[in-house]
Amino acid sequence: MLTVEELENIKERLGKQFAKIVMEAHATLDAELVHLCSEVDSTRGEEHLKALGGDLCGLKKVIGVELDLSAVEILSALCRIGENTYGRCMECGADLPGPLLQSHPTERFCSCCRVNHRQLEHN
Ligand SMILES: [Zn+2]
């Protein structure tokens, strides 16, 4: 489990990474999306991010084609933080180890389920 401080830290890192990617893809995005993305970057409060969570998931659908995979992964991690499902395996629900999340903040699966998923994707 992550402490509140660790989660805040990851949230901030992801927000900055995402904003950077969005800035680079700026030309393909309209003003509204850029505004939403800048909100992600400046978001600090839990409530605000929660409120933004729904929009972020919609945003992911809109820009999923335009942005590369890492941006989509960052967005979905931010969505999961907003939904309070961050840090849990999306397959079996197990808590992901803190050090894993620190080094791979967009990780969605525990090590067992990740292996299963990779195999499924390759079959
Ligand atoms: Zn799992």
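Predicted model: local features only at pLDDT ≥ 70, side-chain atom pairs only at ≥ 80, totals over all residues.
Lys-16 is partly exposed, its relative accessible area being 47%.

**Figure 1. Glu-12 and Lys-16 pair in a salt bridge.** The closest N and O atoms of the two side chains lie 3.1 Å apart. Both residues sit in helix H1, four residues apart, which is about one turn of the helix. Glu-12 has a relative accessible area of 33% and is partly exposed.

**Figure 2. Glu-8 forms a salt bridge with Lys-11.** Here the closest N and O atoms are 3.1 Å apart. The pair lies within helix H1 (residues 4–24), with a spacing of three residues, about one turn of the helix. Glu-8 is partly exposed at 27% relative accessibility. Lys-11 has a relative accessible area of 6%; buried means under 20%, so Lys-11 counts as buried.

**Figure 3. Arg-114 and Glu-107 meet through their side chains in a salt bridge.** The N to O distance is 3.3 Å. Glu-107 is buried, with 14% relative accessible area. By the rule applied, the count of salt bridges comes to three.

**Figure 4. The protein has six helices and zero strands.** Along the sequence the pattern reads α-α-α-α-α-α. Of the 123 residues, 38% are buried. Among contacts with a separation of 6 or more, 55% join residues 24 or more positions apart. The accessible surface is about 7,200 Å², and carbon and sulfur atoms contribute 55% of that area.

Note on methods:
Residues numbered from 1 in each chain as written. Heavy atoms only, no water. Helix = DSSP H or I, 4+ residues; strand = E, 2+ residues; numbered from the N terminus. Buried < 20%, exposed > 50% of the residue type's maximum accessible area, 1.4 Å probe, protein only. Contact = heavy atoms within 4.5 Å. Areas by Shrake-Rupley, 256 points an atom, 1.4 Å probe, with all protein chains shown as cover. Salt bridge = Lys/Arg side-chain N within 4 Å of Asp/Glu carboxyl O.
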